[in-house]
Amino acid sequence: MKKMIKVLSFTLALALLFSACSAENKVDDPNAGTADQVADNTKTATTSPTGEGTTVTYPFEGETVTLTYWTSLHPNAASYISSYAENEAWQKVMKDTNVNIEFEHPAAGQEKTTLSLLISSGDMPDIIQYGSFSSTYSGGMEAAINEGVIVDLTKYLPDYAPDYWPLVKNNILFQTPDGRYAAFYKVIDPEKADSNWRKMVTRKDFLTEAGIKGPDTLAELEAYFQWVIDNKKDVVPFTLPIASSSCWPLLTGIFDVIDNWYVDLDGKVQWGRAAGENYLEYLTTMRKWYEKGYISKDWTTMVEADYKAAYASGKIAMILGSGADLRTLAASAGFEAQTLPYIKRDENSMYHADIITSPNQGDSTVITTSCKNVEVAVKFLNYAYTKEGYMTYNYGVEGLSWNYDAKGNPVYTDHMLKPEEFGTENANYIYRIHFAPKYLIADRLSHPSLLSDPESLEFKAQWDNDPKVDSVLRLPVGVQLTSDESAKRSSIMTDISTYAMEMQARYINGEIPLSTYESEYLATIKSMKFEEAREITQAAYDRYMANASKK
Amino acid sequence: MIESRSFAERLFDIINVMLIGTLSLVFIYPLYYCLMASFSEPANVLSNIGLYWRPLGFSLDGYKVVFNNPNIINGYINTTINLVIGTSFCMLMTTIGAYALSRRNLYFKRIITFFVVFTMYFGGGLIPTYLVVKGVGLYNSRWALILPSAISTWNLIVLKTGFQRVPLSLNESAVIDGANDFTILFRIMIPVSKATIAVITLFYAVSYWNSWFAASIYLRERKLYPLQLVLREILISNTVANTSGVIDANMSESSLMGELIRYCSIIVSTVPILCIYPFVQKYFVKGIMMGSIKG
């Protein structure tokens, strides 16, 4: 017994001893570096920090600062380079700013997990570029600032980002819900943006055989479907996309309904799938199509991969999706794809589109509190919005990948358009910086793949200048909800959306007669507190209109 | 001597063989399906619904894409190194641990066994594990894949039970001849439990061959990536949508190939293991106590 006690106490003592020698905890004090850095950085800022009118000169003078930059390596580039440090455009940017960037790339597909682990371990890279940051970190950017994970950029931007600041000043789209600035985003001028990529895509040979020129109205489309049924055995004319697809507006738009929140011609806010008579008309037409066999009987069970595969193997004549993607799919399967214009109800109607190009194009980039050179980081990220900077980001290395032509427009050289080892789709990620917070120049002007192949450029831009398309119904881009309103509305709408999609399927398949539309469908939606959600949106819209008229 | 078997026995044999034969077919067919699909034309793979009996249009396109990736050779090398070092290390740790736990006169045996078994049911979770591995300094090194998972509790217990079944008389006779514990372990216990050791080695080897998650969170340098991670990246890059719609030589690396690449990567990663298995199989068939004096 005595021996036992001795041994026991000895073991306990040993254990206590070892626990005392724990590794040193490095707690990063977020404010530690700034005091010193202000002194250091006075040599790089050319004027005193007073807001507008400051300029930053590149390259930075003094020692080369090293910043760690976390971003995902695009799979197209990963087959050829192992880090963006080998990307020519990044190399030039590093040289031009005198900042050394150490890239950290997570494994493909594991970005979210790796990021959460990095944040929780406290040892974060200086800059994190991840478009879904606000949905990965619980509470979004606001919580990230409050919990000391990322730096609140509001006081840094006016002084150290003189090119980015005017683009985002007072623009709620770039702010957190409480009005602070948390990240750098890809910025585009909505007037100069690309056109909508969502299209109805079918086969060119079918259209030629049927003698139809890009069906323009509802009646022409139905005639095309009928032709497919009559002339092509075993080919289904059409199928509906999956519930979460963003292509629904292509169909609902025919009936003046946008599958989202919108404002009708009387100034009243509506939600597409509860829009009274118009939505009923849409459902009735879809039901008619289903009965006539225009819509595939399996549409509720097919996922995107299934109907894309069916389209490629010729079993379905038309699907909704990305025009560019389906064009290559069709080409690999041996036929030519053809997009359709927006379908209008009849010859005299307009199609009311929902396309909103926000100036904020994503790729949110934050500076973490582990960064010891916040001003340098801000100034570095600002470079992408200067003229020199954004030309390098968007086009690559001047002289190597592109040159100015006589009119002062950039023109790609063969280095970019005809790279020997890999196609232009890959060169896009190796010779220029595609995903990054920068001043974005639209794909149709800067994507090497498109510019190397005028046919695909034409394909993408077809139907862009359709005079019968307008956007009178969509909610203005500046209509914003506060975070409380937004949370409340989404908690109501999640259930309503699920119910609406379920009922759509049942109405179209004929399980439930359309006569119950008002009595059952609309009534149920109303009982799920839909009016509250509508009022919230209406209030936000009225607020926006009041402010807009003041300016 | 030819035994005459009764009708019942023969009927039993026939039914037995039929049942097991059907089961084996059911087990093997998916692998056969993958093999046939991997040699087919990409378009046919996408549109086919149904069973394969032969490749639909012979084509090596899928394999070309997989092997053209420069990281694949690296992946194979890394996985092989991890496997060899990892499995030997694991086996060393597991046998020592199992031997110690199987001795009757180990102090605190009950408590230690309890803690060990406890880890089988409960774990800290991803983030604490990550913090521990990082704090110890294993981040971005090969050892992060080997050390934290060096002992699998399940295998440890199986081996411990195996050691416990070895008759004490073998032990005692060795002690009389002047053997210490290490000698007993390596000269007597392990040779006697060859079958169990072989099974556990195979388990560890296969888990190292299949591992990708630990590598994805602990490794930063791409040249340390194991095979499965490389294959995963190939798969992802071939299902990424083509954003520009350009039709050129490289466009085939797009949606059509996605399905085909899946099958090719399954074959590429399974075939080496399939080749090694027959060599290990003889240990499973023979009994536990082969080659020793019983009694």
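Two strands count as paired if DSSP finds at least two bridges between them. Keep that in mind for the first stop; the model on screen is a predicted one.

**Stop 1: the sheet in chain A**

Select strand 1 (residues 65–70) of chain A together with strand 2 of chain A. Six bridges join these two strands, and they run parallel. Within the pair, pick out Leu67(A), which stands opposite Ile101(A) in strand 2 of chain A.

Now widen the selection to the whole sheet. Four strands of chain A make up an open sheet, ordered 2-1-3-11, with mixed pairing. At its edges are strand 2 (99–104) and strand 11 (365–367) of chain A, each of which pairs on one side only. From one strand to the next, the twist averages 25 degrees.

**Stop 2: Phe530(A)**

Stay in chain A and go to helix 25 (residues 530–550), where Phe530(A) is placed. Is Phe530(A) buried or partly exposed? A buried residue needs 20 or more other C-beta atoms within 10 Å. Phe530(A) has 18, so it is partly exposed.

Show its surroundings next. Leaving out residues up to four places away in sequence, Phe530(A) touches Ala274(A), Ile496(A) and Ile525(A). Select Ile492(A) as well: its C-alpha atom is separated from that of Phe530(A) by 7.1 Å, with the two residues 38 apart along the chain.

**Stop 3: two crossing helices in chain B**

Switch to chain B and select helix 4 (residues 71–102) and helix 8 (residues 153–164). Their axes come within 8 Å and cross at roughly 50 degrees. That angle makes helix 4 of chain B oblique to helix 8 of chain B. The crossing is right-handed.

To see the contact, display side chains on both helices. Helix 4 of chain B contributes residues including Thr94(B), Ala98(B), Tyr99(B) and Leu101(B), while those from helix 8 of chain B include Leu156(B), Leu159(B) and Phe163(B).

**Stop 4: helix 11 of chain B**

Finally, select residues 194–210 of chain B, which form helix 11. At 1.5 Å a residue, its 17 residues should span 24 Å, and the C-alpha atoms at its ends are 24 Å apart, which agrees.

Which residues of helix 11 of chain B are buried? They are Thr196(B), Ile197(B), Ile200(B), Tyr204(B), Ala205(B), Tyr208(B) and Trp209(B). When viewing them, recall that an α-helix has 3.6 residues a turn, so residues three or four places apart point the same way.

Notes:
Residues numbered from 1 in each chain as written. Chains lettered and ligands numbered in written order. Predicted model: local features only at pLDDT ≥ 70, side-chain atom pairs only at ≥ 80, totals over all residues. Expected span 1.5 Å × (residues − 1). Buried ≥ 20, exposed ≤ 12 C-beta atoms within 10 Å, placed from the backbone. Axes fitted to C-alpha atoms, helices over the stretch in contact; angles between N-to-C directions. Parallel < 35°, antiparallel > 145°, perpendicular 65-115°, else oblique. Left-handed = near helix turned anticlockwise from the far one by under 90°. Contact = placed C-beta atoms within 7 Å.
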